[in-house]
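Colleague: I have a few questions about the terms used for this model. Can you take me through them?

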Amino acid sequence: MSIWEKLSSLDRRYYYVVLILVVALPIIKPWGLPIRVGSTTEDFWKTVEAVPEGGTIALAIDYRSDCIVELNPQVVTLFRQAFARNLKIIMWSNVDEGANVTEPITRAVGNEMGKTYGVDWVNLGYKPGGEVTMKKMVDNFWEGAAYVDMQGTPLQDLPIMQGFSSLRDADLLIDMMAVVPSPAQNYLKMVSIPYGIPMAIGTTAIQAPTEMPFYSSGQYKGMLAGLRGAAEYEFLTRNPGSAMMGMDAQSAAHILVIVLIALGNIGHMMDKKKRAGAPVGGGSK
Amino acid sequence: MSATLQIWLSAFFTIAIYTLVLYKDNKVFRFAETVMIGITAANGIVVTYHNYIRPVVAVDIVQQGKYLQLIPILIGLLMYTRFVRSIAWVSRIPMGFWVGVGAAYILTRNPGVFISQITASFLALNKLNNVVFVVGVISVVVYFYFTVPIRSAPMKGMTTLGKAFLLVSFGATFASTVMSRISLLLGRLQFLLQDWLRIAGV
Amino acid sequence: MFADGMGVDFLLIAFLMVAVGYALERTKKGLAKWQIRKIPGLDAIEEGIGRATEMDRPVFYLPGSGGFSDPQLLASMAVLSEVAKVTARYDTRLIVCVPMSSVYPVIEEVVRQAYVSEGKAERFRAEDVRWFSDHYFGYAIAIIGLMFKEKVATNIMIGTFAFDALMYAEAANQAGAIQVGGTAATTQIPFFVAACDYALIGEEIYAAAAYLTKDPVRVATIVAEDWAKFLVTGLVVLGVLLQTAGKADGLRNFLNQW
Amino acid sequence: MKKTLPFILTFVSALTITVCVFFDLAPALVEEIDKWFILSGAVVCCIGLVNLTTVHARNIKRRGRDWDLSYVLLFITFAYLVLGIVAGPTHPLYAWIFDSTAVPLGATFYSVLSFYIVSAAYRAFRAKTRDAAILLVSGIIVLLGNAPIGEVIYPGFGTATKWIMDIANTAAMRAVIFGATIGSFITAIRVFLGIDRPYTAAGE
């Protein structure tokens, strides 16, 4: 048995322990590698900067607890950037868990920055109905939002909602999303294209490649992609958080994956060479 | 106190899930999965009820007297007939309605996205990247022609090129998926090391 | 007459409606000679079954996790029917692992029918159409276990796959199987390409189903879709040429704003 | 009746909205249909619960695999449901339970995949074909370009990744979107014309 075959037949748990160590060590002792900011993130940041002082951001939260690692830092940093410029945020969720997972983190930022719930930001909770609700929020926002926030407070009692009767009243629409089919593409289809409302998105690394054509066409004014996007965003807004701190561990794990792919392929080629002389057939890979 | 308990519970559930791979399929893992299914199933109903159904009934029907709104509620309730075999077909009525509305918005609103993506591809062939981009779009579309036989040289060339573009693109998706999964693990290890064990700098 | 900027949108849909209607009419009457080109992965399926026969080890078929409204499941059932006919002919053992209990009886029927049509009804083993659990990781792990236990020789996966694509592909690879994977889930295709011997990419699975079944609705759909793709190609080429000449604004405004 | 009635509903609702939106007619009617769609969909929120309850009640009765966990599941689900309905989703106890269970569990669940990726990296991702080789090379470049360490090793990885994402990937994905959108149009037309009746699977 060659070394390659031995490696291949190793109990898979050896690989797992190596992975845990490779990710854990940089978390305990970070290396502090520099992060370069990409254009998608920079455009996102600029788009938020371009909202006039006192303006309103409509924020759709379309992810569940399975993607909080990538999306929560994006949302938190967005709140920091917006609050630093006295922008208002009206948020809701088209996915049932979305409002639950963002409620505690956004409240923490709001309290820390001395903002008032209902005046500077509001969480309207879960609004079912998908793309049709998105359209309803343009036709009649209050009806689409079912007249209440997440706690059940009537919208007429919330100062931030006064005069906000349609998504057209928002200066910017942002979708933070990590579900399939893409709610961001639905917002584009039902809201942004027909009514010309500018839009930007935050998403996971997984979904970034499929959303790229809409960023490239200028329909998404900016895009945060995965934990890397969150880290770049934290860096730009000078709010180092969990995403920036995770980048070294991310680097380490990528190197591990690449080394393993390389070793696997070298081993595969070695075995093939060794077997080239042997009669064909029957040999398992 | 409640914050500490929360951290310990979270740590327990995190480790419980990892026993699946580090040990094997076991009861603790399945218990953790059970808790997740139960809590999320209940939460889905709770938020739909409190954030949508209750206020709509209170405002539209009770306050404003729009009694017509009772009809959609009834239509929706017909879905539950699927649990009674003899009248299960009734559940097709709401489905027929939803499918119709869904199809209507595909037919009326998807063309906007579609056409804007076509016009976004109108790039002048004055830069190498633009040429590559346009060739990429067209060759991949051609790769998905299914009624044109791949016999002629231009078709062979275009489909080969289209496949190559697809593969490079899938490479990007591959890497992105790996990244996302690693980020998830990273997030949990950050939690375990920083919030729970407190052995890493915060 | 039209709502703002909806004129072209309407024309597009009208064109497609006519295209679907016309193509369907022609295929149903048998007037058209539209050939759907063969999908390379399909040859590999037959080859793979042959290999399993030689090795006297089973063929696995995974139809993905879609429900009945999922077109990928419907395409997969068409391919499964063909696969089952070939295994019936070769007397090769076929194990089908169904993730969703609701889909299970229909899948079993598809396999049974295929064996009956080959005159091998007695060779059909109902216990080889398996269902384990509706829980995500539950079924994935059970299927992986079964692949090792039964020493899978050929693994065919067509349909909707999510995170589990990678888990099956690795396990079957480890067990030394030849693999054919196909899915329209863009995020999972890469894992099939990287770990399988043949991969059907995206819409190829629908074309494969149309090619195998010759079902008029399926064929007409592929034909109408091709016409729409010709239209897209034409528009892009035209737009690019006009843009290069600096004269594309008219066409762009017409398409986007009329 | 069993097949025609649902189709009539499909056809009428699809036709009404399509004509009204294309020709800008009767926006109030469309808005009312929208409302009906949202509200009728919302009351279906309990269907998963009914399903779950029947499946697990049956499992308990048959003493199937993990029947004890079926008890746990039903207890947790109904207890949490009652708490939520009575107290509301922002009640501190309700939120505390959610943050202590659903959040860590959800966040951990799919991270398990990173383990499978690492073992598959060595054992499954092989350049057996030319296709796989192209994919892996592109994938490795993007992996390096997207981790800060890649650019420390060689700055070109960042540039190459940007090129792959912005040019090659965007071009291919745009074409894939064309195909998928055309597919969705044709499916919608088939539903509209009654060639496809996706709801007939229910109650057969």
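Predicted model: local features only at pLDDT ≥ 70, side-chain atom pairs only at ≥ 80, totals over all residues.

Colleague: What makes B:Arg30 and D:Asp66 a salt bridge?

Modeller: The cut-off is 4 Å, from a side-chain nitrogen of Lys or Arg to a carboxyl oxygen of Asp or Glu. Here the side chains of B:Arg30 and D:Asp66 meet with N to O at 2.3 Å. The pair therefore qualifies, since the rule asks for a distance within 4 Å.

Colleague: How many salt bridges does the rule find across the interface of chain D and chain B?

Modeller: The rule finds 6 there. It also finds 27 residue pairs in polar contact across that interface, with both residues at pLDDT 80 or more. Helix α10 of chain D, residues 156–192, gives the largest share of the side of chain D that touches chain B, with 23 residues. That side divides into 72 nonpolar, 24 polar and 14 charged residues.

Colleague: How do you know which residues of chain D and chain B are in contact?

Modeller: Contact requires heavy atoms within 4.5 Å. By that test, 110 residues of chain D are in contact with 107 residues of chain B. The two chains bury about 10,100 Å² between them. Carbon and sulfur atoms make up 78% of that area.

Colleague: Why is the pair D:Arg123 and C:Glu170 called a salt bridge?

Modeller: The closest N and O atoms of D:Arg123 and C:Glu170 are 3.2 Å apart. The limit is 4 Å, so this pair passes. The count between chain D and chain C is 2 salt bridges. The rule also finds 7 residue pairs in polar contact across this interface, both residues at pLDDT 80 or more.

Colleague: Which elements of chain D give two or more residues to the side that touches chain C?

Modeller: They are α1 (4–23), α7 (112–123), α8 (130–146) and α10 of chain D. The most comes from α10(D), with 11 residues. This side of chain D holds 25 nonpolar, 4 polar and 6 charged residues. The contact takes 35 residues from chain D and 37 residues from chain C. The area buried between chain D and chain C is about 3,500 Å², and carbon and sulfur atoms give 78% of it.

Colleague: What comes just after α6(C)?

Modeller: C:Gly176 does, and it takes a positive phi of about 80°.

Colleague: How is chain D divided into domains?

Modeller: Domain 1 covers 1–87, domain 2 covers 88–124 and domain 3 covers 126–204. The C-alpha centres of domain 2 and domain 3 of chain D lie 26 Å apart.

Colleague: And chain A: how many of its residues count as buried?

Modeller: Of its 285 residues, 62% count as buried. Chain A has 11 helices and 6 strands. Its C-alpha atoms fill a box of roughly 80 × 40 × 35 Å along the principal axes. Among contacts in chain A with a separation of 6 or more, 75% come from residues 24 or more positions apart.

Technical notes. Residues numbered from 1 in each chain as written. Chains lettered and ligands numbered in written order. Heavy atoms only, no water. Buried area = accessible area lost by both parts, 1.4 Å probe. Polar contact = N/O pair within 3.5 Å; in protein donor to acceptor, adjacent residues only side chain to side chain. Helix = DSSP H or I, 4+ residues; strand = E, 2+ residues; numbered from the N terminus. Nonpolar A, V, L, I, M, F, W, Y, C, P; charged D, E, K, R; others polar. Domains from an automatic or database assignment. Buried < 20%, exposed > 50% of the residue type's maximum accessible area, 1.4 Å probe, protein only.
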